[in-house]
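Student: Hey, can you walk me through this one? I'd like to go piece by piece.

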Amino acid sequence: MTISPDQIAGLRRKAAELRLNIVTMMGSNKTHHFGGSLSAADIVTALYFYKMRYDPHNPGWPERARFLMSKGHSVPAQYAALAMLGVFPLEELATLKQLGSRLQGHPAMHLTPGLEGCTGALGEGLSYANGMALAARIRDLSYNVYCLLGDGELQEGQVWEAAMTAARHCLGNLVAIVDRNGLKAMDETKCGKLLDPLDERWTSFGWAAREIDGHDMAAICNALDWAGEQTQQPAVIIANTVKGKGVSFLEGRPQFHNASLNEEQFACALGEVKATLAMTEGG
Amino acid sequence: MPKLTETRYAYGEALLELGSQRPEVVVLDADLYKSTRTVLFRDAFPERFIDVGISEADMVSTAAGMAATGLIPFCNSFAMFITSICYLPIRTQIAYPGLPVKLVGSSAGLTQGPDGASHQSLEDIALMRSLPNMAVVSPADEVETRQATFAIADWPGPVYMRLGRYPVPRLFAEGYRFEMGKAATLRDGGDVAIFATGHMVSKALDAAELLAQDRIEARVVNVSTIKPLDEAAVQKAAGEVGLLASVEEHSVIGGLGSAVAECVSGIANTPPLLRLGVRDEFGESGLADELLEKHRLTGQLIAADIRRALK
C-alpha cells in the first residue's frame, strides 16, 4: 500500500496537534514525563490515526487493534490520542495526575477508557501484549497487538523472556516498537548495559526487525505496513527518536525525563509546538 | 488409616473438568506441569495450554493480557516462585485493575520438604494478602480443593490458591459446599477456638482430639478463604471462648495468624491469640513430618502449646 503525500501531511498535522496537547496538559511548574511522551508522539500518531483498526465510539470492540504503552510513563501521548479521537473529552487532559482524575501518572486500564492494560513498572508490557496476541488465536479473533517499549526498558530481563515466548508461538499478530531515544531517567541508555547491536539482538531472538527514523512519518507508516506483512513471526520496529522531540531545549536532555517547566520555559515550549502546528497547517 | 491425598492431585482433576465446561479457561505453566498437575489439562486441551518455560513473571504478565480479553487464565508454579518472582506484575497488571487471573501455588509450605528453604514458601500468604483486590484461598483437603477450583473460576477478581504436596486425609463429605469468604466450623468447643488453614486443618483436628482427652473442648475453624476473611466467624469465636489459636504452615508474620489478629484487634475483652506457625525463620531440607515436628506443627505439639497457654 502506498501512502499519499496528502495522507502523510495530514498525519504530520495530527502529530503536531498531539504534541501541543501533551505540552498543554503538562503545563508549568508540575513534574511530568516530557521527554518520553514527546519522543513517542509520531509513533503514537501513526498507530491511532493511520494503522490501527479502531473505532473510538466502541473502544471495547473485541476485534479492535490493541495498543499497549509498555513504557507507561509516556502515557500522556496516548491520552492525547484517545482524547483527539473522542474516546474521552479533550478537556479532561487538563486533569492529568490530579487527585481523583481518570488520567493517572501511569496507565490504569480500569479507570481510563481506551487503555488496554496497566503498566508503569518497566519490562512487563511485552509479556502482556503476548497474552493479548495469544488470546486472539485462542478466541479466533483477527486483531493485531502493538506494544511500545523504551530502549531503556529493554534492560529489564522480562522483555527478553517475552521476546522468546512471542517467537516460540510465532506471533505474527504482534508488533513491538522500540522508542529508541537513547536516554533513560538519569543517563544515556548505553550506561548500565550494552544493548547494541539492537536489531541483531531481536533477529537472533526470532523476530523480524526493521530500523527507522522514528520521526519520519512516511517511514513509520511504511514500517507499520511492513510489520503487518510479517504474519509468521513477531515483528519489531526500532524507531530512532529524540527524547523531547518538538521542543528544542528539551531535546536530547535526560534532565527533562521527568521534570517541571517554569513559566518562561513553558511559554517557550508552547510557542514552539504551536509554531510547528501552524506550519503543518500552512503546508 | 484413612486414605491420604495431596491437594494438588485433586486440583489437577478439577481443572480438567473445569476445562471441559468452560471454554474461556486457559492454563499457563512454567515448566512444572507434572508437579502442578496441570498435565491433565495440557493433554486434553493443548490449544488452551501454554507452557512459557522457566519464566514465571512472563507467565503471569501473559495471563494478565489474556484475562483482559475475556479469558480466565489459571497460572501455575510452586507457591514459592509464583508469589515472589512475579510479585511486581501480579501487583501492577493483575491486582491493580482486578483482572480475573487465578494464581495457583503448588508445593507450598514446609511440607515441600527435601528441597529446603529456597523452595519452601513461608511468606506467600503474606505477600498475596497484602494486595488490594486479591483473594487468598487455602483448601484443606481434596474435596475442598475440587470445590475451590470451580469457585475461584467464578470469582470475578484475581485469586491466589495455595496447594501442597503433603498427603492429608479427606475431611469433607462429597456434599460439602465450599463458599468463598466462608469459614467452616468442623468441631465445636467452648474453651479454645483453633483457626487453621490448608494442611494444618487436619493437624488442628488431631490436636482437638487430644485436648478432649484432657477435657479441653476445642472449636476447630477451617479458614480456607484467608482473604476475604470470614470476620463474623472469627469475632463470634472471640466472644465465646477463652483462647484463640491460629495454625498455619507459614510464617507467623503476615499470614492467617496476622489476619485473625487484625480482625480482633480493637475489640474489647478479646481473649489472647496464640499464633502457631514458623517463627520468622527459613525452612531447611528434611522430611515433611520431621519439619512439622521441628516447628511444632503436629497434632500433639499444637495440643501441648494450647494446653500451656490455657494454664
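This is a predicted model: local features need pLDDT of at least 70, side-chain atom pairs count only at pLDDT 80 or more; totals for chains, interfaces and linings use all residues.

Student: Okay, what order do the five strands of the open sheet in chain B come in?

Tutor: The order is β9-β11-β10-β13-β14, and the pairing is mixed. Strands here are DSSP runs of E with at least two residues, helices are runs of H or I with at least four residues, and both are numbered from the N terminus. Two strands pair if DSSP finds at least two bridges between them.

Student: And which ones are the edge strands?

Tutor: β9 (184–187) and β14 (273–278) of chain B, since each pairs on one side only. From one strand to the next, the twist averages 25°. Angles like that run from 0 to 180 degrees between N-to-C directions, with axes fitted as lines to C-alpha atoms, for helices over the stretch in contact.

Student: What packs on the sheet?

Tutor: Helix α9 (residues 200–213) of chain B does, touching β9, β10, β11 (218–222) and β13 of chain B. Its direction makes about 170° with that of β11(B). "Touching" rests on contacts: two residues are in contact if their C-beta atoms, placed from the backbone, lie within 7 Å. Helix α10 (residues 231–240) of chain B lies across β10, β11 and β13 of chain B, also at about 170° to β11(B).

Student: Which residues of α10(B) are buried?

Tutor: A233(B), V234(B) and A237(B). Buried means 20 or more other C-beta atoms within 10 Å of the residue's own, exposed means 12 or fewer, and partly exposed is in between, with C-beta atoms placed from the backbone. Seen down the axis of α10(B), the buried residues fall within an arc of 100°, so they line one face of the helix. On the face turned away from the buried side, α10(B) carries the exposed residues A232(B) and G239(B).

Student: Back to β10(B). How many of its five residues are buried?

Tutor: Five of the five, so β10(B) is largely enclosed by the rest of the structure. V192(B), I194(B) and A196(B) point one way and A193(B) and F195(B) the other way.

Student: What does I194(B) stand opposite in β13(B)?

Tutor: A245(B). Strand β10 (residues 192–196) and strand β13 (residues 243–251) of chain B pair in the parallel sense over five bridges. β10(B) and β11(B) run parallel too, joined by five bridges, and there I194(B) stands opposite V220(B).

Student: New topic: how do the axes of α4 and α6 of chain B cross?

Tutor: At roughly 0°, with the axes of α4 (residues 56–67) and α6 (residues 87–95) coming within 9 Å. The contact is made by A57(B), V60(B), S61(B) and A64(B) of α4(B) and P89(B), I90(B), Q93(B) and I94(B) of α6(B).

Student: Now chain A. Is strand β5 of chain A mostly covered or mostly uncovered?

Tutor: Mostly covered: five of the six residues of β5 (residues 235–240) of chain A are buried. Strand β3 (residues 174–180) of chain A pairs with β5(A) in the parallel sense over six bridges, and I177(A) stands opposite I237(A). Strand β4 (residues 208–213) of chain A pairs with β5(A) in the parallel sense, over six bridges, with I212(A) opposite A239(A).

Student: How many residues of chain A are in contact with chain B?

Tutor: 24 residues of chain A, in contact with 24 residues of chain B. α5 (125–138) and α6 (157–168) of chain A are the elements giving two or more residues to that side of chain A, and α5(A) gives the most, with nine residues.

Key
Residues are numbered from 1 along each chain as its sequence is written. Chains are lettered from A and ligands numbered from 1 in the order in which they are written. The arc is that of the directions from the helix axis to the C-beta atoms.
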